[in-house]
Amino acid sequence: MLELMQQIVNGLSLGAIYALIALGYTMIYGIIKLINFAHGDVMMVGAYIGFFSVSLLGTNIMVAMIFAMIACALLGVIIEKVAYKPLRRATRIAALITAIGVSLFLEYTTIFLLTPQQRIFPQGAFPVHDYNFLGLSVSNKDIFIFISAIVLMIILQFIVKNTKTGKAMRAVSEDKDAAVLMGINVDNTISMTFALGSALAAAAGVMIGVYYNTINPLMGILPGLKAFVAAVLGGIGIIPGAMVGGFILGILETLVSGYGNSLYRDAVAFGVLILILLIKPTGIFGKNTGEKV
Amino acid sequence: MKMLETRWGKFIIEVVALAVIFTLVQYFITAGIFNQYHQITLTSMCINIILAVSLNLINGFTGQLSLGHAGFMAVGAYVSVVLTKFMGMPFIVGIIAGCLGAALAGFVIGVPTLRLKGDYLAIATLGFGEIIRVILQNIDYVGGPAGVVGIPKLTSWGWLFAGVVVTIFVIQNLINSSYGRAIISVREDEIASEVMGVNTTNYKVLAFVVGAFFAGFAGVLYAHYFYIIKPETFNFLKSFDVLVMVVLGGLGSTTGAVIAAVFVTLLTAVLQAFPAVRMIIYALILILIMIYRPQGLMGNKELSVKILGRIWSGKDGSFEDK
């Protein structure tokens, strides 16, 4: 029982990371119906900015995270303006291919500029020590990841629910044309969504750097896909769904590598995905909408 | 000239043209005009054509977005390698078993997932493709993550050529049959075609199974040319590669898929000379083509001798989409 608790605690920080990435996926999907395959790579860029901020500028990890978030928010907006905006009226699949193109571009530009080598996240930036708590061992690394993820989620929830921009975002994802008629600037709202989503991804990137200690240019692919699974699991386009989905996936994965075969860890995410799609394709929080003829 | 426009006349022209292409390339290979590098490019080209044309049946004609094509390719490759390398069976048995194995995988995956639509289907097929890969990684009999090395090189130009011709022939005839019309009706409007009495699920599964069958064929040819297979080769990036070819060529255009497969293979071969920036250029070309020509090179039109003739005489630019 204690071991199970321990595994769940371990899974919480991984789940928090997945949840942060999933939030960006779900917001972007909600607003322009695009699976943004480049999202995981934005996270990778965030991890690198955090890494350089810590190792070159010598900032602490919080400042590094804020730098990464600001830079990636900009990057997200640029990607949206350059690559996705011209395709807003094109077919979904064309946009999807463009997203794949952007993803490859970010990965291989990073490889070109910074070599494919993996880099060790400086230990000095984050001295790790473990706490014992009711027989469970928790490292301050996990606490840091968990708490900052929760804080970011609360901020996001506040922005989406209580500000004008958030209201506009919800309106555009509900019905783009009606939003235009109500005088909402759809282009700006979409850019804002990309900025927010990418900033969250950047924060997650820095956290992954802290969590796994290493970063490399292709690190975004798998967490990106898994976060997408988390978004689908919770119900895509639904913000609380992405959070819950992320945590479920993170805990499940830790349990599988803790108790079973860690080689099957990556299959878990996809197995869960297929199960949820077959049982309830709209996700845990999704509502069934009837088909219109 | 009249005789040539009849059905038989066209058939004879096609057979002659194919025979000429086959002998010419065979001559180039035996005479040593095509070196090793050319032959590898030629092989990838043929395999890519088979993959693109078969995925185009699923994505282009049936309108079901599948991202799991590499998984079926992997099934074909592994099944055939087990038969030819481990059990010493002849190549033809490996081909048949590989194709049937992939088709079976397509059936098993297609029946539950094809109830899903659009992006959900895309992600589910991507997930299945990745699951196939992870399962292969965990089977020690076929080498686990290291894969199988030392596969006999049985894929010859003859097999590649036959593979391409058979794939295009079967899929093109399927599309032009009554089955094909039903399949296209599913793409155009699923609800309307269901109302007209088309059993949409059956046709979707049919297209999926046929597509998987030929993906398996491509996998068999791949495994028996490149000496080594690993699960990592067949990850979702490979599926993306094929999808890129299909969308580049134009969804629902077999000739488009062929042209795009040739184009992408040549582009990759040319860019090999610049390994550092290869993928960056590839990505940029991808983004630019999608922004400036989102319907792909051919749209859903087919390139035929007739259209070529019209372009030649400058009568119309029939490349424009409707």
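# Two chains, term by term

Colleague: A:Thr115 lies in the loop between α4 (92-114) and β1 (119-120) of chain A. What makes A:Thr115 exposed?

Modeller: The model is a predicted one, and the term rests on a count of neighbours. A:Thr115 has 11 other C-beta atoms within 10 Å. A residue is exposed if that count is 12 or fewer, so A:Thr115 qualifies.

Colleague: What is noted about phi of A:Thr115?

Modeller: Phi of A:Thr115 is near 65 degrees, a positive value in a residue other than glycine. Most residues other than glycine have a negative phi.

Colleague: Where in chain B is B:Tyr227 found, and why is B:Tyr227 called exposed?

Modeller: B:Tyr227 belongs to the loop between α10 and β2 (228-229) of chain B. The count for B:Tyr227 is 12 other C-beta atoms within 10 Å. The limit for an exposed residue is 12 or fewer, so B:Tyr227 is exposed. B:Tyr227 also has a positive phi, about 80 degrees, although it is not a glycine.

Colleague: Why is B:Ile168 called partly exposed?

Modeller: B:Ile168, in helix α7 (residues 157-176) of chain B, has 19 other C-beta atoms within 10 Å. Leaving aside its neighbours within four places in sequence, B:Ile168 is in contact with B:Val53 and B:Thr254.

Colleague: How far apart are B:Ile168 and B:Val134 in sequence and in space?

Modeller: They are 34 residues apart in sequence, and their C-alpha atoms are 31 Å apart.

Colleague: How do you know that the length of helix α4 (residues 69-86) of chain B agrees with its number of residues?

Modeller: At 1.5 Å a residue, the 18 residues of the helix should span 26 Å; the end C-alpha atoms are 25 Å apart, which agrees.

Colleague: What makes α4(B) mostly covered, and what follows just after the helix?

Modeller: Of the 18 residues of α4(B), 15 are buried, hence the description. Just after α4(B), B:Gly88 takes a positive phi of about 70 degrees.

Colleague: How do you know that strand β2 (residues 130-133) and strand β3 (residues 136-139) of chain A pair?

Modeller: Pairing requires at least two bridges, and these strands have four, in the antiparallel sense. A:Asp130 stands opposite A:Ser139, and the bridge partner of A:Asn132 is A:Ser137.

Colleague: Why is chain A said to be as compact as a globular protein of its length?

Modeller: The radius of gyration of chain A is 19 Å, close to the 19 Å that the globule rule gives for 293 residues, so the description holds. Chain A has 11 helices and four strands, and its C-alpha trace spans about 55 × 45 × 35 Å along its principal axes. Of its 293 residues, 53% count as buried.

Colleague: Why is chain B given that description?

Modeller: For 322 residues the globule rule gives 20 Å, and the radius of gyration of chain B is 20 Å, so chain B is as compact as a globular protein of that length. Its secondary structure comes to 14 helices and two strands. Buried residues make up 46% of chain B. Among contacts in chain B with a separation of 6 or more, 78% join residues 24 or more positions apart.

Colleague: Which residues have the most contacts inside the largest nonpolar core?

Modeller: That core has 204 residues, and A:Ala202, A:Ala203 and A:Leu273 have the most contacts inside it. Helix α10 (residues 200-226) of chain B gives the most to this core, with 18 residues. Beyond its neighbours within four places in sequence, A:Ala203 is in contact with residues including A:Leu20, A:Met65 and A:Leu152.

Key: Residues numbered from 1 in each chain as written. Chains lettered and ligands numbered in written order. Predicted model: local features only at pLDDT ≥ 70, side-chain atom pairs only at ≥ 80, totals over all residues. Core = buried A, V, L, I, M, F, W, Y, C linked by C-beta atoms within 7 Å. Buried ≥ 20, exposed ≤ 12 C-beta atoms within 10 Å, placed from the backbone. Contact = placed C-beta atoms within 7 Å. Rg over C-alpha atoms; globule rule 2.2 N^0.38 Å. Expected span 1.5 Å × (residues − 1).
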